[in-house]
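Trainee: I should like to learn how to read the features of a structural model. May we go through one together?

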Amino acid sequence: MNRFSYLRAERLDEVIQALSADPTAKVVAGGTNLIDLMKYNVERPARLVDVTRIPGLATIEETEGGGLRIGALVSNTEVAYDPRIVERYPLLSSAILAGATPQLRNAASTGGNLNQRTRCYYFYDPDTPCNKREPGTGCPAIEGVNRNHAILGQSEHCIATHPSDMCVALAALDAVVHVIGPSGTRVLLMTEYHRLPGDRPEVDTNLAHDEIVTAVELPAEGQAFTVNHTYLKLRDRLSYAFALVSVAAGLQLEDGVIRKARIALGGVAHKPWRRSDAEDRLIGKSVGADTFATAADQLLEGAQGYEHNAFKIGLARKAIIRALGQAAAGTPQSQVDKRIH
């Protein structure tokens, strides 16, 4: 770990000023991802800006539109167990409880979860080439060990996957992200917050270096999926493991006919994967295995596997069908009893 200076910020303008002055400065809250990266010498910030003392970022508040606004410093545990989240956005609660351990969820913040780096063995090993860590050096994962890597949206420069469970649910719920920087505030759609790798795999999000996340807002429309929803996570072991494939699914039904549909995938791309055209084609269709299989095929159109992860294409198809079946039946996947039903 490199030497660094430390600033405990008391105001948002202090954070913005510190980030603007130093291109290597990093924001730290829970530190559950950043500190690991520093220990591996993957991240080497010259300055850490601690935002945990800034007032107003650690609350969950009602919005005028009937939704909820989650402050960037609210812990994952607080979000998962907040009665309003559990009642009105159970898909989000379930997704968070599917991830990490209770200890990590206690420390991890909402803003930090949004901004965690994509996972890849080679990215975490400074002794190997990696376009994400050092642009232009290559992507050894393409020809190397790639069991956990992307099957959608990847490029010749990077096939890493985004690790968050929370973000998959947020994408399905049409959440928006509030940020602030030198030019003031702006709002990003959750589906546009993270980037596909393209030819700039070192850039994970559309958040500028001198901006900071202040909140995530859940729109009232997301409450349409309080009954017919599920978060299904398939992984190599039942706890404390990243998803091979995960599915956040929400349906609004009327007499067995789909009126609204939301589907987001995790573990398959550089960002939570969602295709609104595939969702739109479900509207007006009757629930059933054939309908869900067609949606799965559309969601996975263009999927490409590699030597060790080609199995994820078939696994993802089955997971989508199973998740939509769980959602339609109103029997969401339990995050306590993780056996798939």
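This is a predicted model: local features need pLDDT of at least 70, side-chain atom pairs count only at pLDDT 80 or more; totals for chains, interfaces and linings use all residues.

Mentor: Residues are numbered from 1 along each chain as its sequence is written, and side-chain values use heavy atoms, with hydrogens and water left out.

Trainee: Which strands does β3 pair with, and in which direction do they run?

Mentor: Helices (H or I, at least four residues) and strands (E, at least two) are DSSP runs, numbered from the N terminus. Two strands pair if DSSP finds at least two bridges between them. Here β1 (residues 5-8) runs parallel to β3 (residues 47-50), with 4 bridges, and Ser 5 has Arg 47 as its bridge partner. Strand β2 (residues 26-28) is also parallel to β3, through 3 bridges, and Val 28 stands opposite Asp 50. Between β2 and β3 the chain passes through helix α2 (residues 34-39) in a right-handed β-α-β crossover. Right-handed means that, with the strands pointing away from the viewer, the path from the first strand over the helix to the second runs clockwise.

Trainee: What is the strand order of the open sheet of 3 strands?

Mentor: In a regular strand the side chains alternate between the two faces of the sheet. The order in this sheet is β9-β10-β11, with antiparallel pairing; β9 and β11 are the edge strands, each pairing on one side only. From one strand to the next the twist averages 15°. Between β9 and β10 there are 6 bridges, and Thr 230 is partnered with Ala 249 in β10.

Trainee: How should I read helix α12, and which of its residues are buried?

Mentor: An α-helix has 3.6 residues a turn, so residues three or four places apart point the same way. The expected span of a helix is 1.5 Å times one less than its number of residues. For the 19 residues of α12 (residues 311-329) this gives 27 Å, and the end C-alpha atoms are 27 Å apart, in agreement. Buried means under 20% relative accessible area, exposed over 50%, and partly exposed in between (1.4 Å probe, protein chains only). The buried residues of α12 include Ala 316, Ile 320, Ala 323 and Leu 324. The buried residues of this helix pack against β9 (229-234), β10 (245-254), β11 (257-266) and α11 (289-299), where contact means heavy atoms within 4.5 Å. Just after α12, Gly 330 takes a positive phi of about 70°.

Trainee: Which residues touch the most other members of the largest nonpolar core?

Mentor: A nonpolar core is a set of buried Ala, Val, Leu, Ile, Met, Phe, Trp, Tyr and Cys residues joined through side-chain atoms within 4.5 Å. The largest core has 37 residues, and Leu 92, Leu 114, Leu 170 and Leu 218 touch the most other members. Helix α8 gives the most to this core, with 7 residues. Beyond its neighbours within four places in sequence, Leu 170 is in contact with Leu 92, Leu 114, Ala 175, Met 190, Val 216 and Leu 218. Another core, of 29 residues, lies apart and has Leu 324 among its members.

Trainee: Is Ala 98 buried or exposed?

Mentor: Ala 98 counts as buried because its relative accessibility is 2%. Ala 98 sits in the loop between α5 (90-97) and α6 (102-107). Leaving out residues up to four places away in sequence, Ala 98 touches Asp 165, Tyr 231, Lys 233, Arg 235 and Gln 335.

Notes:
Axes are lines fitted to C-alpha atoms, for helices over the stretch in contact, and angles run from 0 to 180 degrees between N-to-C directions.
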